[in-house]
2 protein chains.
Amino acid sequence: MKQAPETATGTPATLWDRTRQMASQEILDTALRLFTEQGYDETTIAQIAREAGVSQRTLFRYFGAKEDLLGGDQDRFWQVLADTVGAQPADAGVWEALRAGVAAVLALHDSRAQALERFRLLHNTASLRAGWLEKRLRFQEGLLPLVEARMGVAAGRPDPRARAVIATVFACLDAASMTWVDNGGKGDLMDLYDECLAAVRG
Amino acid sequence: MKQAPETATGTPATLWDRTRQMASQEILDTALRLFTEQGYDETTIAQIAREAGVSQRTLFRYFGAKEDLLGGDQDRFWQVLADTVGAQPADAGVWEALRAGVAAVLALHDSRAQALERFRLLHNTASLRAGWLEKRLRFQEGLLPLVEARMGVAAGRPDPRARAVIATVFACLDAASMTWVDNGGKGDLMDLYDECLAAVRG
DNA sequence: CGACTACTTGGCAGTGACTGCCAAACTGCT
DNA sequence: AGCAGTTTGGCAGTCACTGCCAAGTAGTCG
């Protein structure tokens, strides 16, 4: 399992990489379909593997856990968010910088419908939500230095403020997306996010 | 498994209730001890059951899941928080009301040392944290009407603001308790909470 | 006191997610 | 073609958790 030397053309170089790519996509599509059709908890790994045409063992090699089958490549999301935040001008405030990052990630979704379906599953399935929150929290910790630098915190005494700001941003994103899902995907998620932040920050 | 008809004296009426109480406490103590000694993931249900002197089956009847073995009676925490918020004067703002609830819950811990140990396990164990966050999110939803009433939201169009406020409060509590743990339990948690909220709300 | 009921317990088998291990199949390079 | 490195599938095993059933124990009524 080496790095995939992605060429600039978008087509991976070797057959292996192409096969991996296809298998991965097939598994992801099958999983999302089954989750949507019969629910997350009611879908077993065995079933996904069978319908995707791979062994369970291979499925677990591609995706380390069942929850990773939803939400596609989350690492990419986090990467984009962190990069975007880092790329904001130095004189931009934390809130603006983070807002830009959130916007960049939301723009990453394939389609509005697919995004809605993902969020719906995420918010309605306890077991999924748990894992998702956990993963996100880990990312929040990773984001910490980036935000701390922007806030100019003293390195000596531990300062909770950066953590609080990051956590609040995600809290607002949660509130916004939950309301969005409850509302059947009507309106713009980013508007809801702004509304949440306004409610919090006065 | 009926309601325990707790008498005013604090001593449960029947032998059954007393036995249940003792078994429950024994399990909880054993679990916390083992978790602390060897870590959450490294401790199996079988081991806890063995050392607590009950069968696995019985253990699962008392506590539905492994994560419930930490944090004792969380339902009580939530109950206290909700009650306290509800008991705040009508003219108190949402933020003050929620702050009072948070303070009430934090005051519930047996000892500072035990609270620190619980938080430490919670923040350092991924699998635990996941379940905890999930449970909390469910509680947040339960708190929603209480907060909405206090904010005077219109019933018609779904409004994300109440959710955002609640989520932000917990986000700050998270940031505060994580920093508290990182700092070895020095200082007052409530002060850190206030600092977080100040950083967020300007 | 004895019987009858209600509740609790423990064991057992089973499910489902997930991991380590090993042999077989396959790709890429010479 | 032939070797080396990579991927795959199957198998057995671990662990959390559940349903089921038989046996034990507490409470109650005659």
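How many residues does the largest nonpolar core have, and which have the most contacts inside it?

Reply: This is a predicted model, in which local features need pLDDT of at least 70 and side-chain atom pairs count only at pLDDT 80 or more, while totals for chains, interfaces and linings use all residues. Residues are numbered from 1 along each chain as its sequence is written, chains are lettered from A in the order written, and side-chain values use heavy atoms, without hydrogens or water.

The largest nonpolar core has 81 residues, and those with the most contacts inside it are A:Leu81, A:Tyr193, B:Leu81, B:Leu143, B:Phe170 and B:Tyr193. Such a core is a set of buried Ala, Val, Leu, Ile, Met, Phe, Trp, Tyr and Cys residues joined through side-chain atoms within 4.5 Å; buried means under 20% relative accessible area, with a 1.4 Å probe and protein chains only. Beyond its neighbours within four places in sequence, A:Leu81 is in contact (heavy atoms within 4.5 Å) with A:Gly101, A:Val102, A:Val105, A:Phe139, A:Leu143 and A:Phe170.

By contrast, B:Ala87 counts as exposed (over 50%) because its relative accessibility is 60%. B:Ala87 is found in helix 4 of chain B, residues 74–87; helices are DSSP runs of H or I with at least four residues, numbered from the N terminus. The C-alpha atom of B:Ala87 is separated by 12 Å from that of B:Arg150, 63 residues apart along the chain.

Methods: Helix = DSSP H or I, 4+ residues; strand = E, 2+ residues; numbered from the N terminus.
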